[in-house]
Amino acid sequence: MPRPTPEPIPTDQLHITMPPQHTSPDDERRYRKERLAAALRLFGRYGYEEGVSGHITVRDPELTDCFWVNPFGMPFGLLTAGDLILVNQAGQVVEGRYHVNQAAFVIHSHVHRARPDAVAVAHSRSVHSRALSSLGELLEPINQEVCAFFEDHALYDAPTGVVVDEDEGRRIAAALGAHKGLILRNRGLLTVGDSVDAAAWWFISMERACRAQLAAKAAGKPVPIDDENATRLREQLGNDLVAWINYQPLYLQITRAEPDLLN
């Protein structure tokens, strides 16, 4: 006899991955460091590293004016959670055995200070973001994915060298404002999120959006999505929980392929 049609499994019995709740600051600290190490490994895989440039920071859950960051000069592809350093707002290493990149600290510390909601900040040297940023353009709503950034990213329209100046750090934070992403003219991207996963996903997604816009304009004249539909798509796709969920397959890929990063 043929097999009977199975009964649907109740939805409350199906697993869905959601951000965890932590029982202690130590628990959450370990979690944030593991997510940071994984994000840095992914950035290394995707070629977002340029020499000693490129950084992701995450706020410590207990010492909220201190931030975990990748050490100066260590390649993303070799980083582990145990390699990360803790830096205070004055740019001094308070935990760890490596130096911090001061240019990273100046930008990230001002962004964290201006945005208490920003648990994590990502800024790195992806190729397509550098190309688009050289045009001094914003992202345009030419596909569904980029609409997550519709009216939720900004342009820092000033030449930027290696930022070690406190005033420039403040200007970059002010240009970001309440947005999730910032295009730094002639330099690349900066993204923020309420978790490492969200900030990393926004950076990856924004870099892909830069690539798509450059390709579309090179091929012809893109047809934009109208403002009403772009706004609706941003409301559906543009929050940090959606970013966190979208990022989980990448986190699983990197931690299963390179489990040593958790050490």
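How much space lies in the largest cavity? About 70 Å³ lies there. The tour below reaches that spot after a few words on the model.

**Before you start**

This is a predicted model: local features need pLDDT of at least 70, side-chain atom pairs count only at pLDDT 80 or more, and totals for chains, interfaces and linings use all residues. Residues are numbered from 1 along each chain as its sequence is written, and side-chain values use heavy atoms, with hydrogens and water left out.

**Stop 1: the cavities**

A cavity is a set of points, on a 1 Å grid over the protein atoms alone, where a 1.4 Å probe fits but cannot get out. Points are joined across faces, edges and corners, and a volume is the space filled by probe spheres set on them. The count comes to 2 cavities of 30 Å³ or more.

Select Thr57, Phe67, Val69, Val87, Val100, Ala104, Phe105, His108 and Ser109. They line the largest cavity; a lining residue has an atom within 4 Å of a point. Strand 2 (66-69) and helix 2 (102-114) are the elements that give two or more residues to this lining. Helix 2 gives the most, with 4 residues. Helices (H or I, at least four residues) and strands (E, at least two) are DSSP runs, numbered from the N terminus.

By class, this lining has 6 nonpolar, 3 polar and no charged residues. Ala, Val, Leu, Ile, Met, Phe, Trp, Tyr, Cys and Pro count as nonpolar, Asp, Glu, Lys and Arg as charged, and the others, Gly among them, as polar.

Now select Leu139, Glu140, Pro141, Val146, Phe149, Phe150 and His153. These line the second largest cavity. About 30 Å³ of space lies in it. Its lining divides into 5 nonpolar, 1 polar and 1 charged.

**Stop 2: His112**

Go back to helix 2 and pick His112, which lies in that helix. Is His112 buried or exposed? His112 counts as buried because its relative accessible area is 1%. Buried means under 20% relative accessible area, exposed over 50%, and partly exposed in between (1.4 Å probe, protein chains only).

Show the side chains of His112 and Thr57: a polar contact of 2.8 Å joins them. A polar contact is a pair of N or O atoms within 3.5 Å; within protein, one must be able to donate a hydrogen and the other to accept it, and residues adjacent in sequence count only if both atoms are side-chain atoms. Thr57 also belongs to the lining of the largest cavity. Beyond four places in sequence, the contacts of His112 include Arg59, Phe67 and Val121. Contact means heavy atoms within 4.5 Å.

**Stop 3**

Select Ser124 in strand 5 (residues 120-124). Ser124 is buried because its relative accessible area is 1%. Its side chain reaches the backbone oxygen of Tyr48 at 2.6 Å.

The model has 5 aromatic pairs. Rings of Phe, Tyr and Trp (its six-membered ring) pair if their centres lie within 6.5 Å; planes under 30 degrees apart count as stacked, over 60 as edge-to-face and the rest as tilted. Phe43 and Tyr48 form an edge-to-face pair, 5.0 Å centre to centre and 80° between the planes. Both Phe43 and Tyr48 are buried.

**Stop 4: the largest pocket**

Select Pro19, Glu28, Tyr31, Asp194 and Ser195. Of the 15 residues that line the largest pocket, these are the closest to its centre. About 240 Å³ of space lies in this pocket. A pocket is an open set of points with protein on both sides within 12 Å along at least five of seven lines. Helix 1 (25-45) and helix 7 (240-257) each supply at least two lining residues. The lining has 8 nonpolar, 3 polar and 4 charged residues.

**Stop 5**

Pick Arg234 in helix 6 (residues 227-237). Arg234 counts as partly exposed because its relative accessibility is 21%. Arg234 and Val146 are 88 residues apart in sequence but 8.5 Å apart in space, C-alpha to C-alpha. Glu151 is one of the residues Arg234 touches.

Glu151 sits in the loop between helix 3 (127-133) and strand 6 (153-156). Its phi is near 55°, a positive value in a residue other than glycine. Glu151 is exposed, with a relative accessible area of 55%.
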